[in-house]
Amino acid sequence: MGVLSEGLTQVLIPVAALIGLGFALLQWYLVSKVRVSGHSGGHKSYKDSLIEGDFEEGVDSLEVSAKCAEIQNAISVGATSFLFTEYRYLGIFTGVFGVIIFLFLGSVKGFSTKSEPCTYNTGNICKPALANALFSTIAFLLGALTSVLSGFLGMKIATYANARTTLQARYGVGKAFITAFRSGAVMGFLLAANGLLVLWVTINLFKLYYGDDWEGLYESITGYGLGGSSMALFGRVGGGIYTKAADVGADLVGKVEKNIPEDDPRNPAVIADNVGDNVGDIAGMGSDLFGSYAESSCAALFVASISSFGVSHDYTAMSYPLIISSMGIVVCLLTTLFATDIFEVKNVSEIEPSLKRQLLISTVLMTAGIATVNFFALPSEFTLFNFGTDKVVKNWHLFFCVAIGLWAGLAIGYTTEYYTSNAYSPVRDVADSCRTGAATNVIFGLALGYKSVIIPIFSIAIAIYVSFSLAAMYGVSVAALGMLSTIATGLAIDAYGPISDNAGGIAEMAGMSHEIRERTDALDAAGNTTAAIGKGFAIGSAALVSLALFGAFVSRAGIKTVDVLTPKVFIGLIVGAMLPYWFSAMTMKSVGSAALKMVEEVRRQFNTIPGLMEGTAKPDYATCVKISTDASLREMIPPGALVMLTPLIAGTFFGVETLAGVLAGSLVSGVQVAISASNTGGAWDNAKKYIEAGVNEHAKALGPKGSDAHKAAVIGDTIGDPLKDTSGPSLNILIKLMAVESLVFAPFFATHGGIIFKWL
């Protein structure tokens, strides 16, 4: 037994989650102190309460503030109405899929209510398969609800903070940075604490029924991960199609044809573009990372339940994944204070280093945190399930498993930053290639994306080898948890990007001065890089998570070895490797066809509304919002169906070995495609921003806005949009979701699967 008693563990986990929630509320309160509306009844007038800094002349600050409030409201209403519509569709899907889970798992033993011998802990009696079916369905619904809540709250916070960031930019870049970063932190801590709290409550409630049958209890908990990721898939794909249809439409007509600035209020697609940042990058990312967190916890808990922790009912050691996450919340809280209170950002050049410092500080502190948890929570020696045999493991082995996951995450983050930030040569080379037109820009950008895969893949490979050698599949699942242990900081950095992007859009639309737009642009450029880092983390952790889930699936399905040389496995492998390409084709095409409609609508408005270019008439924003909404809701169904149905079809008709091949193939090819797509898109975007900002002689020679090189950069950026915000980030959900779905349905596939091969 470890030093920590069961009673103390039961207190510490919810306390850490509540501390996270409390800290999120505190950050939200600090952001809310920035007043937006011009008329704050009862308070001092707006001029007294906010206007103390030196302002640019000639802009009536009250009028600007009212305009910001109006734009913020339009973005918030658009995002909320889209998400509500999307969630109505998802509600129907969740109900139907919940029934499928119940029927498939209930049929394993013919819906019998009799207790039966345990699968692993032979000699003991476990609860009936029907109970597993019911509780897996409940866990699935809870996971789906938490995932939707994570995305929705994130979107609400982002739309609350965007105009406040714009208004704070009037006092300098430091104030605006803190507002955007605090808002990101609200989302990060809400999500980390929520995910942990709901999982802890679910385990304790299920325990009331399962009692000593931990094998059945933790097997049904895997439904929680499935619920989280299935919502994330639709959120990511739907949100990604929405945001990029608007973005591509706005850029092609506005910047390239009409030569007007980004986020110009005359552009009819501008509100849809800003709404898209919130529903795609914020709500989608929130659900995505929550899904990763839920799945890595479920994979670790499942493997532990069939190891000595579960057999000997050592609750503290069993809860090791939850204690790691609790420690992560405390570590991230300390890390956040470094950005908001200890090292204040004073000028533009300090923004990116401050965000990068967050990653490093959280990783160093968390390494110490893991060592502490290992000492107190784990017995000095124990055995772990390793595909039918027991592997003897010491507690310091697990320290290295979690730590290598954590540091591999940092390596992936820094590599991504090197390939996507315009402070380094790769992006500057891409910008330089714009001199000779869009074609060379596209060639350089694609090459950069392919090259940026090398170091992350080696990092993931080393993490897998070390963690598997030390602690079998349990080691891999806690390595994934290690990478996600600093999720609150990772999300804060990630959500900061879209909030800054929106703040820049609001500044442009409200007609604020050039100087303020430069400040918000600087925040936004750093945000672009941090968003790419966030995607790198999500993809890296997805690779480890899906491998851990794959291991759990193989164990649960009773496969002794997965032999690539058998035809059953190999056909699965080659089809699985094709799936990411099929999925990317669907999502790219969806963005393309929606963007086509958007371009036509924007052109139509410029041609038919008199006075629109002169700024005397208002565009019809609502039609563009409707085009994006309709396209994304319609187009998210085929890619979603592909991912959800593949494991069901492969497992039922071809059996568990072929399905194992499909999972391995999709994991191996999906990670490569996802990283290269994300980084190519990020690099093109920042190459364009590098030319626009004109920070040095090289950039000035390529600019200014509207030059041929700039137009070539805009085309690259537009091609990269669906790569970095729709296909790339959705692929990491594809590989995780297929693995967790296979694990949940493993009992059914093992009993009834492989219909076709049984005939042959």
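This is a predicted model: local features need pLDDT of at least 70, side-chain atom pairs count only at pLDDT 80 or more; totals for chains, interfaces and linings use all residues.
H17 gives the largest share of the lining of the largest pocket, ten residues. The largest pocket has a volume of about 1000 Å³. Of its 40 lining residues, Glu 518, Asp 521, Ala 522, Lys 689 and Ala 693 are the closest to the centre. Coloured by class, the lining shows 18 charged, 13 nonpolar and nine polar residues.

Next, select the second largest pocket, with about 410 Å³ of space. It is lined by 15 residues, and Lys 67, Pro 265, Met 509, Lys 618 and Tyr 621 are the closest to its centre. Helix H3 (61-106) and H16 each supply at least two lining residues, and H3 gives the most, with four. The lining has eight nonpolar, five charged and two polar residues.

Now go to helix H21 (residues 656-693) and pick Ser 676. Ser 676 counts as buried because its relative accessibility is 9%, under the 20% cut-off. Beyond its neighbours within four places in sequence, Ser 676 is in contact with Gly 449, Tyr 450 and Val 453.

Last, show helix H5 (residues 173-210) with helix H10 (residues 320-342): they pack at an angle of about 170 degrees, their axes 11 Å apart. H5 and H10 are therefore roughly antiparallel to each other. Residues of the contact include Phe 177, Phe 181 and Phe 189 of H5 and Ile 329, Cys 332 and Leu 333 of H10. The contact residues divide into 15 nonpolar, four polar and two charged.

Note on methods
Residues are numbered from 1 along each chain as its sequence is written. Side-chain values use heavy atoms; hydrogens and water are left out. Axes are lines fitted to C-alpha atoms, for helices over the stretch in contact, and angles run from 0 to 180 degrees between N-to-C directions. Angles under 35 degrees count as roughly parallel, over 145 as roughly antiparallel, 65 to 115 as roughly perpendicular and the rest as oblique. Contact means heavy atoms within 4.5 Å. Ala, Val, Leu, Ile, Met, Phe, Trp, Tyr, Cys and Pro count as nonpolar, Asp, Glu, Lys and Arg as charged, and the others, Gly among them, as polar. Buried means under 20% relative accessible area, exposed over 50%, partly exposed in between (1.4 Å probe, protein chains only). On a 1 Å grid over the protein atoms alone, a cavity is a set of points where a 1.4 Å probe fits but cannot get out, and a pocket is an open set with protein on both sides within 12 Å along at least five of seven lines; lining residues have an atom within 4 Å of a point. Grid points are joined across faces, edges and corners, and a volume is the space filled by probe spheres set on the points.
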